Amino acid sequence: MATSRPALIAVTALAPASWGTTYYVTTEFLPPDRPLFTGLMRALPAGLLLLAFARVLPHGIWWRRAAALGALNIGAFFPLLFLAAYRLPGGLAAVVGSIGPLFVVGLSALLLAQRPTVRALVTGAAAAFGVSLVVLKAVGALDPLGVSAALASTASMSTGTVLAKKWGRPEGAGPTALAGWQLTVGGLLIAPVAFLVEGAPPALDARAVGGYLYLALAGTAVAYWLWFRGIGRLTATQVTFLIPLSPLTAAVVGWAALGESLTPVQLTGMALALGATVAGQLVPGGKGGTARSVPVAGNKTPRHPAKAAEPALRR
């Protein structure tokens with residue numbers, strides 16, 4: 001069934017919006033100082049659940065591609081993101097993450113032959129500046145390891161997003177399978193690091209169990225299904241310009257649920273970042289600004305993106 005592009009963009013935007021609730025859930029429901037265990041509990045159960053729904057395993061070259069995407073989008077991204085969040089003050093990790101659209105514009109030029117435009121670069125800079133007004137507070141000396149981790153996490157997911165667009169999906173595998181492969185690979189990569197660094201899993205009460213269930217189901221399984229579904233139908237640039245919605249959602253949740261105030265400067269930043277997000281959906285990434293057709297592995301004839309996105313099973 002055909003879906004209009006505005007509706008598709010709106011539904012895809014639910015993924016970064018759900019990620020914006022992670023800070024609230026983590027601080028209010030989960031045991032403290034267990035970022036790697038939290039990443040593991042987000043990724044692996046969600047991946048196995050989606051694999052059970054999809055009942056499709058990679059084949060041929062897709063074993064290597066699924067491993068690479070899982071490492072980039074989950075296995076490396078989650079630990080680096082948590083490391084940056086723990087070592088950087090005042091939302092600086094979110095600001096660094098908001099430059100993801102600029103990473104994707106550059107990578108799309110290299111890997112997808114999509115020429116960067118002045119509008120895309122200006123819009124990406126405006127999104128990052130808007131997010132900085134919302135989350136950035138006065139900081140002293142910056143932690144080099146934290147900054148490096150934030151940059152690496154942004155580069156990792158940006159690369160994974162562009163490669164996912166470049167490679168498309170193999171015949172018979174929908175977004176459910178693709179998300180399941182990546183989350184499972186990522187979870188398996190995080191598991192040994194979590195146990196080596198943080199030790200045995202902590203004792204969990206009912207609130208923690210509920211928090212992990214929410215993150216694994218809504219914040220990961222459903223969110224990543226929507227994300228890779230969007231990648232299959234939109235341009236990589238359009239999808240990544242939705243990422244600033246994550247820190248903006250976190251700010252709104254903090255105001256609504258935690259009683260945090262929003263200053264006029266923050267509200268201005270939110271308006272600027274939202275405007276850049278909307279403008280990012282108008283940045284042409286292909287003819288007419290729509291997603292270009294992607295060759296499907298094992299098939300000499302490219303499938304139209306609308307048909308390629310028909311659900312085999314969705315994550």
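**Figure 1. Glutamate 198 and its salt bridge in the predicted model.** Glutamate 198 is buried in this predicted model. Its relative accessible area is 18%, and it counts as buried because that value falls under 20%. The partner of glutamate 198 is arginine 34, and the closest N and O atoms of the salt bridge are 3.5 Å apart.

**Figure 2. The whole chain.** The chain has 16 helices and zero strands. Of its 315 residues, 51% are buried. Among contacts between residues at least 6 apart in sequence, 90% join residues at least 24 apart. The chain exposes about 13800 Å², and carbon and sulfur atoms supply 71% of this area.

**Figure 3. The largest nonpolar core and a separate core.** In soluble globular proteins, nonpolar side chains tend to be buried together. The largest nonpolar core here has 46 residues. Phe78, Trp181, Tyr224, Trp227 and Phe228 are the residues with the most contacts inside this core. At least two residues of this core come from each of helix 1 (5-12), helix 2 (14-19), helix 4, helix 5, helix 6, helix 10, helix 11 and helix 12. Another core lies apart from it and has eight residues, among them Val131, Val134, Leu248 and Ala251.

**Figure 4. Surroundings of tryptophan 181.** Tryptophan 181 is one of the residues with the most contacts inside the largest nonpolar core. Leaving out residues up to four places away in sequence, tryptophan 181 touches Leu51, Val56, Leu57, Pro58, Trp62, Ala66, Pro170 and Ala173. Among these, Trp62 and Ala66 are listed with the buried residues of helix 5.

**Figure 5. Buried residues of helix 5 and what covers them.** Helix 5 spans residues 62-75. Its buried residues are Trp62, Arg65, Ala66, Leu69, Gly70, Asn73, Ile74 and Gly75. An α-helix has 3.6 residues a turn, so residues three or four places apart point the same way. The cover over the buried residues of helix 5 includes helix 4, helix 6 (77-87), helix 10 (144-167), helix 11 (175-198) and helix 12.

**Figure 6. Serine 18 in helix 2.** Serine 18 lies in helix 2. With a relative accessible area of 12%, serine 18 is buried. Not counting residues up to four places away in sequence, serine 18 touches Tyr214, Ala218, Gly219 and Ala223.

**Figure 7. A nonpolar patch on the surface.** Leu49, Phe53, Leu204, Val209, Leu213 and Leu217 form this patch, and together they have about 500 Å² of accessible area. Helix 4 (35-54) and helix 12 (206-233) each supply at least two residues of the patch. Helix 12 gives the most, with three residues. Valine 209 lies in helix 12. At a relative accessible area of 38%, valine 209 is partly exposed.

Figure 8. Helix 8 (residues 100-111) has 12 residues. From its first C-alpha to its last, helix 8 reaches 16 Å, close to the 16 Å expected at 1.5 Å a residue. Gly100, Pro101, Val104, Val105, Leu107 and Ser108 are buried in helix 8. Alanine 113 follows helix 8 and is placed in the loop between helix 8 and helix 9 (118-135). Alanine 113 is exposed, with a relative accessible area of 71%.

Figure 9. Most residues other than glycine have a negative phi. Arginine 55 is not a glycine, yet its phi is positive, near 55 degrees. Arginine 55 is found in the loop between helix 4 and helix 5. Its relative accessibility is 76%, so arginine 55 counts as exposed. Alanine 113 also has a positive phi, of about 55 degrees, although it is not a glycine.

Key:
Residues numbered from 1 in each chain as written. Predicted model: local features only at pLDDT ≥ 70, side-chain atom pairs only at ≥ 80, totals over all residues. Heavy atoms only, no water. Patch = residues over 30% accessible without salt bridge, like charges linked within 9 Å, V, L, I, M, F, W, Y side chains within 5 Å. Areas by Shrake-Rupley, 256 points an atom, 1.4 Å probe, with all protein chains shown as cover. Salt bridge = Lys/Arg side-chain N within 4 Å of Asp/Glu carboxyl O. Helix = DSSP H or I, 4+ residues; strand = E, 2+ residues; numbered from the N terminus. Buried < 20%, exposed > 50% of the residue type's maximum accessible area, 1.4 Å probe, protein only. Contact = heavy atoms within 4.5 Å. Core = buried A, V, L, I, M, F, W, Y, C linked by side-chain atoms within 4.5 Å. Expected span 1.5 Å × (residues − 1).
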